[in-house]
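The briefing below is arranged by topic.

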Amino acid sequence: IAKKYDEQEAQSVVQDKAGNYFVYILEYNQKVYRGGSERVLCYDKTGKLLWDKLIGQFSEVNNPIVSYLKRTDDGRIYMRGHIKLKTGAKAMFWEGWINSKGIMTQKNGEEIDWKKDDWKKRFSPED
């Protein structure tokens, strides 16, 4: 992988049912976009790198910001956060699922009104 970032910030690690580790990293490229982009690396239980995937791009748009992760019963990793689809647009709720092969599915929800407190529940861990 060609280095396209100025710095990296570890976010979290989650383990799937098979024992694979998903490592979430926020990368920054100040020349392109100051906000950063998410990268996911998947390692097997022996520490061998299986794949490396950039989620989104170094941009304000089409760049999911992951706020919450959990392992699902079917073995995938569930991700929740927000995304903007156009410059200047309001953020929308975003959900994604990624499996041990690096295949990701995602969907966008309704716009977020940051002035109301109900968005906090959507980004909180589930009981």
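This is a predicted model: local features need pLDDT of at least 70, side-chain atom pairs count only at pLDDT 80 or more; totals for chains, interfaces and linings use all residues.

Residues are numbered from 1 along each chain as its sequence is written, and side-chain values use heavy atoms, with hydrogens and water left out. The protein contains one helix and eight strands, where helices (H or I, at least four residues) and strands (E, at least two) are DSSP runs numbered from the N terminus. Read from the N terminus, the order of elements is β-β-β-β-β-β-β-β-α.

**Overall figures**

- Of the 127 residues, 39% count as buried, a term that stands for under 20% relative accessible area, with exposed meaning over 50% and partly exposed in between (1.4 Å probe, protein chains only).
- The accessible surface comes to about 8000 Å², and 48% of this area belongs to carbon and sulfur atoms; the areas come from the Shrake-Rupley method with a 1.4 Å probe, and for residues only the protein chains shown count as cover.
- Among contacts with a separation of 6 or more, 35% are made by residues 24 or more positions apart, contact being defined as heavy atoms within 4.5 Å.

**Strand pairing**

- Strand S1 (residues 7-15) and strand S2 (residues 21-29) are paired in the antiparallel sense over eight bridges, and two strands are taken to pair if DSSP finds at least two bridges between them.
- Within this pairing Val13 stands opposite Val23 of S2, and in the hairpin of S1 and S2, which has five residues between the strands, Gly19 takes a positive phi near 95 degrees.
- An open sheet is formed by four strands in the order S5-S6-S7-S8, with antiparallel pairing; its edge strands are S5 (65-71) and S8 (104-111), each of which pairs on one side only.
- Neighbouring strands of this sheet are turned by 20 degrees against each other on average, direction ignored, where axes are lines fitted to C-alpha atoms, for helices over the stretch in contact, and angles run from 0 to 180 degrees between N-to-C directions.
- S5 is joined to strand S6 (residues 77-83) by six bridges in the antiparallel sense, and Lys70 has Tyr78 in S6 as its bridge partner.
- Strand S7 (residues 92-98) is likewise antiparallel to S8 over six bridges; Met92 has Glu111 in S8 as its bridge partner, and Gly102, in the hairpin of S7 and S8 with five residues between the strands, takes a positive phi near 90 degrees.

**Nonpolar core**

- The largest nonpolar core has 15 residues, and those with the most contacts inside it are Phe22, Tyr24, Leu69, Ile77, Met79 and Ile98; such a core is a set of buried Ala, Val, Leu, Ile, Met, Phe, Trp, Tyr and Cys residues joined through side-chain atoms within 4.5 Å.
- Two or more residues of this core are given by each of S2, S3 (33-43), S4 (49-55), S5, S6 and S7.
- Leaving aside neighbours within four places in sequence, Phe22 is in contact with residues including Val13, Val40, Leu41, Trp51, Ile77 and Ile98.

**Aromatic pairs**

- Three aromatic pairs are found in the whole structure, the rings of Phe, Tyr and Trp (its six-membered ring) being paired if their centres lie within 6.5 Å, with planes under 30 degrees apart counted as stacked, over 60 as edge-to-face and the rest as tilted.
- The rings of Phe22 and Trp51 have centres 5.9 Å apart and planes at 70 degrees, so this pair is edge-to-face; Phe22 lies in strand S2 and Trp51 in strand S4, so the pair ties together parts that are 29 residues apart in sequence.
- Both Phe22 and Trp51 are buried.
- The rings of Tyr68 and Tyr78 have centres 6.4 Å apart and planes at 75 degrees, so this pair too is edge-to-face, and it links Tyr68 in strand S5 with Tyr78 in strand S6, 10 residues apart.
- Tyr68 is buried at a relative accessible area of 10%, and Tyr78 is buried at 6%; ring pairs link Tyr68, Tyr78 and Trp97 into a cluster.

**The loop between S4 and S5**

- Glu60 is placed in the loop between S4 and S5 and is partly exposed, with a relative accessible area of 29%.
- The C-alpha atoms of Glu60 and Leu85 are separated by 8.4 Å, although the two residues are 25 residues apart along the chain.
- Asn62, also in the loop between S4 and S5, has a positive phi of about 55 degrees although it is not a glycine, and it counts as partly exposed at 38% relative accessibility.
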